[in-house]
Amino acid sequence: MYALFVAAIGLIAMAADWERLRRVFFQLDVAREQFPEIVTIAAKNTVLFTVISFSGGLVLGVTLALMKLSPVLPYRWLATVYIEVFRGLPALLTIFGIAYVLPIAFGVRAPGGSVGAGLVALIMVAGAYIAEIVRAGIQGVPKGQSEAARSLGMSPARTMFFIVLPQAFRIVIPPITNEFVLLVKDTSLLFIAGSTLLTKEITTFSRDAVSTSGNATPLVMGGMLYLLITIPLTRLVAVLERRMAKTR
């Protein structure tokens with residue numbers, strides 16, 4: 001199998017037109033023209049938009065998870081419908097709806113212009129996914145923990161926020177980190193809402209640079225920046241999973 005793998009790589013390397021690949025995708029002069037803006041604007045905006053979307057989605061997700069586990073039936077219905085709808089819709093359609101359909105239908109615009117509309121949509125989508133992650137984490141905490149807290153006189157709310165949720169978050173750190181990685185890539189969908197020169201993320205910046213330069217090198221640079229952001233995060237998830245398995 002190793003020999004077959006090496007042979008396949010060798011055949012691919014021999015069949016590729018390396019000169020044409022270098023000319024189209026690896027032009028150093030085109031790459032130099034993208035600096036420092038591709039880092040100081042595009043990469044910075046990507047990280048900033050991800051942090052904003054994740055923070056808002058985390059707050060919304062915890063709220064939805066508690067609603068879905070609530071004994072109040074309307075809360076459970078509302079949370080279930082929200083989660084199913086926004087997990088089922090593509091993020092691109094959600095961004096389009098918040099950016100364009102909402103103003104036309106109700107005359108309401110999200111704060112922050114087009115970028116704000118896109119971030120609100122990502123928060124709504126992230127909240128639906130994080131809600132299911134947190135709900136699973138809460139249900140993964142042994143019932144004896146909450147029963148012990150209640151036997152000591154703690155109220156249901158204090159039991160949830162001081163006993164159950166901290167243990168639940170310890171359980172769900174790896175999948176929540178995976179959701180953060182997915183949001184890094186989902187920021188590339190914000191182009192549908194529109195952007196300005198100072199609000200471009202990596203994909204939009206690279207795509208516009210391709211149109212300007214007539215060369216695909218900026219796309220390769222954009223892909224490398226995404227890898228520089230996501231690979232450390234995915235390795236962090238692997239470390240956390242191993243540490244949690246060792247703790248268990």
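Modeller: Buried means under 20% relative accessible area, exposed means over 50%, and partly exposed lies in between (1.4 Å probe, protein chains only). This is a predicted model, where local features need pLDDT of at least 70, side-chain atom pairs count only at pLDDT 80 or more, and totals for chains, interfaces and linings use all residues. Residues are numbered from 1 along each chain as its sequence is written, and side-chain values use heavy atoms, with hydrogens and water left out.

Start with the largest nonpolar core, which has 28 residues. Such a core is a set of buried Ala, Val, Leu, Ile, Met, Phe, Trp, Tyr and Cys residues joined through side-chain atoms within 4.5 Å. Ile-38, Phe-54, Val-134, Ile-138, Ile-176 and Ile-202 touch the most other members. Helices 4, 7, 9 (156–186), 10 and 11 (217–247) each give two or more residues to this core. Helices here are DSSP runs (H or I, at least four residues), numbered from the N terminus. Helix 9 gives the most, with 9 residues.

Now take Ile-176. Leaving out residues up to four places away in sequence, Ile-176 touches Phe-54, Leu-58, Ile-133, Val-134 and Phe-169. Touching, or contact, means heavy atoms within 4.5 Å. There is also a second, separate core of 21 residues, with Met-67, Ile-95, Ala-110 and Leu-190 among them.

Next, Ser-206 in helix 10 (residues 202–213). Ser-206 is buried because its relative accessible area is 2%. Ser-206 touches Ile-38, Pro-218, Leu-219 and Gly-222, again not counting residues up to four places away in sequence.

Compare Val-51, in helix 4 (residues 37–68). Val-51 has a relative accessible area of 38%, so it is partly exposed. Val-51 and Leu-198 are 147 residues apart in sequence and 17 Å apart in space, C-alpha to C-alpha.

Last, look at helix 7 (residues 113–140), which packs with helix 5 (residues 73–88) at about 120 degrees, the axes being 8 Å apart. That angle makes helix 5 oblique to helix 7. Angles under 35 degrees count as roughly parallel, over 145 as roughly antiparallel, 65 to 115 as roughly perpendicular, and the rest as oblique. Axes are lines fitted to C-alpha atoms over the stretch in contact, and angles run from 0 to 180 degrees between N-to-C directions. Tyr-82, Ile-83, Phe-86 and Arg-87 of helix 5 meet Met-124, Val-125, Ala-128, Tyr-129, Ala-131 and Glu-132 of helix 7.
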